Amino acid sequence: MLIIVPVVIFCIFVARHLRHEFSSYNAGYAILVVTIVFTVYVLVLLLLTSVRDPGIVPRNSHPPEEEFRYDTSASMEVGGRQTPSLQFPRTKEVMVNGIPVRVKYCDTCMLYRPPRCSHCSICNNCVERFDHHCPWVGQCIGQRNYRYFFCFVASSTLLCIYVFAISAFYIKVLMDDRQSTVWKAMKESPAAVILMAYGFISLWFVGGLTGFHLYLISSNQTTYENFRYRADNRINVYDRGCLNNFLEVFCTKVKPSKNNFRAFVQEETQRSTTVPIARESEAEDIGDRRMKVEDDMDIGGDLLKISQRHNIEDIEADIRSRGSDVPHHNSSEADSALGSDRRGPAVQPDTWHSSWGRSSGSWEIANEVVRTNSNVTESRSYATPKEAYQ
């Protein structure tokens, strides 16, 4: 509408009155014809810019398997243990014109972005040679539609200049025909005045945009790169010289789209990535069991000391209560019994241990602890308090 409405007003109120102004070969009709053809050309460029695939990189249905790794530095604490989490390297280095360039991993598209590729937050897609997202055309500007975008902006600039110049010429014609001043001529054709003002204001926008993109093309930059890396003083590895940069944009063949938007959606198939992950999980589970047993042994030792202290106090209290009934020559035997009791009382609270934090989330008996308790119970059977009193 910003293009069509001013052009229609121009054709009706300005170009139509200039048809007979140039008598030779009816040259006045050329003004009307040029306006219509130029407007159609601008609209075609707008259509090509907005409907073409800008260079969308197809998403992956699964992360790249070759980049799997377990990052212990970013591990999560589960059940008091550090569990390594599955991570991807956030960046990779690729060679561009003999210079290493760092590319990033996209969590949304699950791929490493090619050089000069960026993820558009509005379209939610990774676009090759991403320049910017243009709200006026409703589309990202990227590798496959950048030349059409520039031609559209440049043609709009020329159209604004054309409309402004012809409208000013019509005001001049009115002044010569009526032998009047500029103000009287402007009152006779207010439409021409409005078109001049509209063209002048629009020229600042599309003209400034055209000049800016001429600079970007000459230095082989994108708008995104210019805004983001301008303060970093980075070396532009894509600059091939002014002439070659223009040839790259306008004279190279447009790459075919990587997407078939008319294809039917394919059902995703399960891949065999679970096998190596399961093996890693099994190895991790074995390591957790060993750590679990060691923790249980430490806890069992603490409980052993506690129960040992209570058992000795009970035996000593029993000996004192019996008084003279216990022979003095048996005190050594009692001491030996106490010593044996210090070495191995049966510890019942140690038999069950929690394995919470593991995948099963169940309660189980640690085999080493069971064997330890059985040995302790067996050693006590040889010297019980009852035998010590006899």
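1. Helices (H or I, at least four residues) and strands (E, at least two) are DSSP runs, numbered from the N terminus. Over residues 191–217 the chain is 100% helix and 0% strand. The end C-alpha atoms of that span are 37 Å apart.

2. Note the basis. This is a predicted model, in which local features need pLDDT of at least 70, side-chain atom pairs count only at pLDDT 80 or more, and totals for chains, interfaces and linings use all residues. Residues are numbered from 1 along each chain as its sequence is written, and side-chain values use heavy atoms, with hydrogens and water left out.

3. The unreviewed UniProt entry lists residues 29–49, 148–171 and 191–217 under "transmembrane region". UniProt positions follow the numbering used here, feature names are shortened, and annotations may be inferred rather than shown by experiment. Residues 148–171 are 100% helix and 0% strand. Their end C-alpha atoms lie 34 Å apart.

4. Now the sheet. Two strands count as paired if DSSP finds at least two bridges between them. Three strands form an open sheet, ordered β3-β4-β5, with antiparallel pairing. β3 and β5 (111–112) are the edge strands, each pairing on one side only.

5. Strand β3 (residues 91–96) and strand β4 (residues 99–106) run antiparallel and are joined by six bridges. E93 stands opposite R102 in β4. The two strands β3 and β4 make a hairpin with two residues between them. In the turn, N97 has a positive phi of about 55°.

6. β4 also pairs with β5, antiparallel, over two bridges. C106 has L111 in β5 as its bridge partner.
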